[in-house]
Amino acid sequence: QVQLVESGGGSVQAGGSLRLSCAASGDTWSFYSMGWFRQAPGKEREGVASISRLGTERYVDSVKGRFTVSRDNAKNTLYLQMNSLKPEDTAIYYCAGSRVNYLPLPLEPPKFDTWGQGTQVTVSS
């Protein structure tokens with residue numbers, strides 16, 4: 001069973017940048033897709049960005065043009081580069097993987113079966 005561990009969260013002022021990493025204990029190639037999700041207090045978990053084995057990307061509208069997802073299959077690591085951060089980006093960020101070949105590329109949390117523990121991102125105004 002592959003385990004996922006996120007890192008790179010922290011506190012930043014609005015307009016700043018952070019880069020999240022998600023290290024897998026095993027082969028990320030076993031995941032057809034991997035993604036980043038976030039959950040703010042009192043809100044449901046939402047998909048932020050996902051990426052297929054071959055690099056196809058998908059983003060929620062609120063982060064398009066600001067966030068970039070990438071994966072390094074050789075290093076078994078998923079990344080999320082977050083630029084122009086806003087206070088509404090504050091949340092716990094989770095990475096996840098899906099072993100099912102959903103089409104189109106999924107961004108819905110129930111379609112992902114392996115989850116990390118999360119990392120806190122706080123953006124102050």
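Buried means under 20% relative accessible area, exposed over 50% and partly exposed in between, with a 1.4 Å probe and protein chains only. By that cut-off C95 is buried at 0%. This is a predicted model, where local features need pLDDT of at least 70, side-chain atom pairs count only at pLDDT 80 or more, and totals for chains, interfaces and linings use all residues. Residues are numbered from 1 along each chain as its sequence is written, and side-chain values use heavy atoms, with hydrogens and water left out.

**Disulfide**
- The whole structure holds one disulfide (a pair of cysteine sulfur atoms within 2.5 Å).
- C22 and C95 form the disulfide, S to S 2.0 Å.
- C22 sits in strand β3 (residues 18-24) and C95 in strand β9 (residues 91-98), so the pair ties together parts 73 residues apart in sequence.
- Strands are DSSP runs (E, at least two residues), numbered from the N terminus.
- The S-S torsion of C22 and C95 is about 50°, so the disulfide is right-handed.
- C22 is buried too, with a relative accessible area of 1%.

**T119**
- T119 belongs to strand β11 (residues 119-124).
- T119 counts as buried, at 12% relative accessibility.
- A polar atom of the T119 side chain lies 3.3 Å from the backbone nitrogen of G9.
- Beyond neighbours within four places in sequence, T119 is in contact (heavy atoms within 4.5 Å) with residues including E6, G9, L20 and Y93.

Conventions
Helix = DSSP H or I, 4+ residues; strand = E, 2+ residues; numbered from the N terminus. Polar contact = N/O pair within 3.5 Å; in protein donor to acceptor, adjacent residues only side chain to side chain.
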